[in-house]
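Hi,

Here's the structure I said I'd pass along.

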Amino acid sequence: MLTPLEPVLFNAEFEPAVSTDRRRTPRAPVSLDAKIGRGGLDRTLCKVTDLSVHGARIQTYSALKTGAMIWLTLPVIGPVVATIRWSDDFEAGCEFQSPLDRGQFEQLVTP
C-alpha cells in the first residue's frame, strides 16, 4: 500500500553571495561643522556625521535634491565638490568628485 509522502523540514544556514555593503571604503563616525556653498551669502551650515575618502553623510537645515552638485567646505581641508547621491529630509549622502587623500582623511577623523 502506498502512503502519502510526509513533508520533510530541515534547517539550513546560508551566506549571501553578494555583499550588501556598497561602499568602496569604510566610513568613520565624526561630528564636524561644515558649510555648503562657496563663499558669499549662499553658504549654509551643516554637520558631517560620517566620512570616507569617497564621501560623507551630512545633516542640513534645508533639504537637498538627489543629483545636485554642491561645494562642501570641510574644516582644515576647505571646499570640495560633491554630488548628492541620496537625500531624506534634512540628511543626505554625498560622493566627492575627487576622493580625499589619506592624509586629509586622517586629519578630519583624528580628534
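I'll start with a polar pair: the side chains of D50 and R27 make a polar contact at 3.1 Å. Bear in mind that this is a predicted model. D50 sits in strand β2, and it counts as buried because its relative accessibility is 12%, with the cut-off for buried being under 20%. Setting aside residues up to four places away in sequence, D50 touches R27, A28, P29 and V30, plus G55, A56 and R57.

Now the overall layout. The protein chain has six strands and one helix, and along the sequence they run β-β-β-β-β-β-α. Of its 111 residues, 32% are buried. Among contacts with a separation of 6 or more, 47% link residues 24 or more positions apart. The accessible surface is about 8,300 Å², and carbon and sulfur atoms account for 55% of that.

Then there's the inside. The largest nonpolar core contains 25 residues, and V48, L51, I58, L72, L74, F96 and L100 have the most contacts within it. Two or more residues each come from β1 (28–36), β2 (44–51), β3 (55–60), β4 (69–74), β5 (78–88), β6 (91–96) and α1 (102–109). The top contributor is β1, with five residues. As a general point, nonpolar side chains in soluble globular proteins tend to be buried together.

Which residues does V48 contact, leaving aside neighbours within four places in sequence? They are V30, S31, L32 and A34, then A56, R57 and I58, and finally L74.

Cheers

Methods
Residues numbered from 1 in each chain as written. Predicted model: local features only at pLDDT ≥ 70, side-chain atom pairs only at ≥ 80, totals over all residues. Heavy atoms only, no water. Core = buried A, V, L, I, M, F, W, Y, C linked by side-chain atoms within 4.5 Å. Buried < 20%, exposed > 50% of the residue type's maximum accessible area, 1.4 Å probe, protein only. Helix = DSSP H or I, 4+ residues; strand = E, 2+ residues; numbered from the N terminus. Contact = heavy atoms within 4.5 Å. Polar contact = N/O pair within 3.5 Å; in protein donor to acceptor, adjacent residues only side chain to side chain. Areas by Shrake-Rupley, 256 points an atom, 1.4 Å probe, with all protein chains shown as cover.
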